[in-house]
Amino acid sequence: MFRKIAFVTFALLILALPTLAQEDSPQRGNVVRGVCVSAITSLDPQQSELGICDLSAYNALYNKLIRLDETGNVVPEIATEWTVSDDGRTYTFTIRDDVIFHDGNPLDAEAVKFSLDRIRDPESASPVSGNLSVIDTINVVDGTTVEVVLSEPSAAFLSVLAAAPGASEIVSPAAVEEFGEDYRFNGVGSGPFQLVSWSPGETAVFERNPNYWEMGADDEALPYLDGVELSSIEDDTVRLLNLRSGTFDVNERIALTDVAAVEADDSLQVIETNTATAYAIAMNVSQPPFDDIRVRQAVQLALDDDGIINNLGLGRGYTSAFAFPRGTWYFYESQNPEPNLEMAQQLLAEAGYEDGLDVDFTHISRAVDAQLAQILQAQLSQIGISADIQPLERTAWLDIWLVGAGENTEGQLGIFQNTVGIGDPDEKAIFFQPGGIVNFADWDNADAWAAVEASRATLDQDERAEQWATAIDLQIEDVPYVWLGNVPVIGAADANIQDIGLSASRSAWIFTETFVAE
Amino acid sequence: MVSLTPESDMASATPTLDTDPSQKIGSRSATLFWRIRHNPQMIIGIICISIFLIPALFAPWITRRGPAELDLGTTFAEPSTANYFGTDEMGRDLFSRIVYGGRVSLQVAGIAVGIGLGVGLSTGLVAGYFGGWVDNIIMRVMDALQAFPAILLAIVIAAVLGPGLTNTMIAIGIVSIPRFSRIMRGQVLQLKEEEFIEASRALGAGDVRLIIFHILPNGLAPIIVAAAVSSAAAILTEASLSFVGLGAKPPTPSWGGMLQTGYKFLEIAPWLSIYPGLAIAITTLGLNFLGDGLRDVLDPKLKGR
């Protein structure tokens, strides 16, 4: 009898063990190794090319004033609360008093003003300065209160501040002073992880910030992880193989053709992001042959958006003539004109290219871009445009296209991807901004830019969406870009990694509450 | 079974196909032909090469669709009677791409080996014939070229010149120069001492006449062998260059390029890697067999060495 009871107790214990182990209370320790498509370009969020590993590094290193949660609402981070004046122009933020930078200095109102002013400073030529162009002055009221005065009321201000990549990370003024030009190699913030080592092209290593202010579920300071490492591999297949072999734990994105295989693999999990990739081409309007609108229209009319997006997205994508995500309040159901080869040929002939023309296609050498380039090459060859495809390294491509007005003399037709998140539509204003460096096509349309600015000036969502629709229609008409459509981004990770946060606008990783379930 | 009738004597006097006619009386070409037919390596080599290169010659007549023709609706179709080798990620017919890719390989092999042969032969002849400082300079340059691993040198040259088929051919050609140059020089050094050269010289033949009409034709056999083997290397190098993105540009179909995109879809569409891989493997194997066979045929003394 006694032996029976002992046996039953023992058996129950055995049965209970796995359930105890499976309980997902966060466990401390471990290092998570993430792998992105593009390498980290800078640890200075205000001077960056803003790839996913860049942004993930900023999420690790820095805090923002406010951020967007996963449903798109603005929530506190460093700012605990904020008030808006009646005229909608003055925002007063109260910030936490218990946050210190990795270098030991306190994060105070001065540091907030310093960081935002640094982005706005014309001399710093920050690529994200456009996001904050609506700010007129920033005043430090006291150590924990900052007042931001806008030049006009802006509906987008809070959500842009919260979500626009690189637009509101608070950097340590002392570190910026100390490192000067080299600050981009030595990012110092107040985030959950601090920098151990990074140099361009190498793995960035971060360790747990022991003085982090946010508390975890176990009432101890976050983060749970001991550290984070970020690397990059451009090739989708190689990246996935490395995830499978255990060299990395989290993979920014997998090819859509591999999704089924990853789903079937018990040791891996698929990460559905709220982000999509928009595929687009930019035609350099400041140089022949694309300074002639008829040539651009011909290109637009020769492309079969449906076929292309079906091919790239394997049925998961949707066509749209601008990089807005479906389901948001500002999504504008717009399509490029139906393909019409005859009309396209006629336009080319009118522009003086009845015998066809040669065009350089520049794309970043990635699998999907290369595929898109070849599809475009085939479709454009039907109207007599013959393409010389030039695959380039990411930085080489950006050297050509990421330049100010009139400075792109080399690129003719550029193929690019743009990440589409659920942030504010104003993040895409950079494609309309005359002279803006992300405005690859060098497009300058006063009416379209006026519409974008008008959308900033109103607080009414419907009216904002309407202004955006106007701007998009003008872009479709003027054809500096041809946006083909959006394809969802799908990532993957080891099955035992839990609670990987994804930032709202770009699905960059937030490892603050991530842990590894053993 | 041996009978002593006159008929059987007459039969044994006639050479049968089982003995080498060169030991009897016969023309030079008949001899060569006989040796080819009795060299299994050579036969296998020719068959292997023909598998992909004969269709390449007749590409427009045996393919249904162009190699760059997209069909975005039927991507990753399995091999079937409609698409013999299946379709790729853009719905292009892989059979057509392989067949047309054979033309690219053929072209690369021909032109690259042509460059190597042209420069290699002339430098080798000059170096070997004149000797002295001319020989020294030329051979040190060849040493320098050979000091780099061939594929690395080709990558460097192609990267400097930029991707594209023409530049690929130039790169591969340059890489193959030292091989021809060295072989030719060796031949010249050996032939220079032969009595028939001395005789010609004594009869008043000048340097140019000696080189072109006496030394070159007699030294060609190993060069022909080297050319066959080099063609194999050229096809392989082109595939390697295309694989790292320095070879033929799209839409030119290249076996290496197909392999490069194909391996990304290894799990869902293995045929995109298998067929280009087979094409490269079989053709280069065939060329190597052909080279070995040619060596035996052209110089029976070397057989088995």
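User: How many residues of chain B are in contact with chain A?

Analyst: 16 residues of chain B are in contact with 20 residues of chain A, contact being heavy atoms within 4.5 Å. This is a predicted model, where local features need pLDDT of at least 70 and side-chain atom pairs count only at pLDDT 80 or more, while totals for chains, interfaces and linings use all residues. Residues are numbered from 1 along each chain as its sequence is written, chains are lettered from A and ligands numbered from 1 in the order in which they are written, and side-chain values use heavy atoms, with hydrogens and water left out.

User: What area is buried between chain B and chain A?

Analyst: About 1,500 Å², of which carbon and sulfur atoms give 56%. Buried area is the accessible area (1.4 Å probe) that two parts lose on being put together, summed over both. B:Leu72, B:Pro250 and B:Lys264 supply 33% of the area that chain B buries against chain A, more than any other three residues.

User: What makes the meeting of B:Lys249 and A:Asp388 a salt bridge?

Analyst: A salt bridge needs a side-chain nitrogen of Lys or Arg within 4 Å of a carboxyl oxygen of Asp or Glu. The N to O distance between these two side chains is 2.7 Å, so the pair qualifies. The count between the two chains is three salt bridges.

User: Why is A:Ile400 called buried?

Analyst: Its relative accessible area is 12%. Buried means under 20%, exposed over 50%, and partly exposed in between (1.4 Å probe, protein chains only), so A:Ile400 counts as buried. A:Ile400 has its place in helix H12 (residues 394-401) of chain A; helices (H or I, at least four residues) and strands (E, at least two) are DSSP runs, numbered from the N terminus.

User: Which residues does A:Ile400 touch, not counting those up to four places away in sequence?

Analyst: They are A:Thr362, A:Leu392, A:Asn408, A:Glu410 and A:Gly411. A:Glu410 is 10 residues apart from A:Ile400 along the chain, yet their C-alpha atoms are separated by 6.5 Å.

User: Why is B:Ile54 called partly exposed?

Analyst: The relative accessible area of B:Ile54 is 43%, which lies between the 20% and 50% limits, so the label is partly exposed. B:Ile54 lies in helix H3 of chain B.

User: How do you know that helix H3 of chain A has a span close to the expected one?

Analyst: The expected span is 1.5 Å times one less than the number of residues. Helix H3 (residues 109-120) of chain A has 12 residues and reaches 17 Å from its first C-alpha to its last, close to the 16 Å expected.
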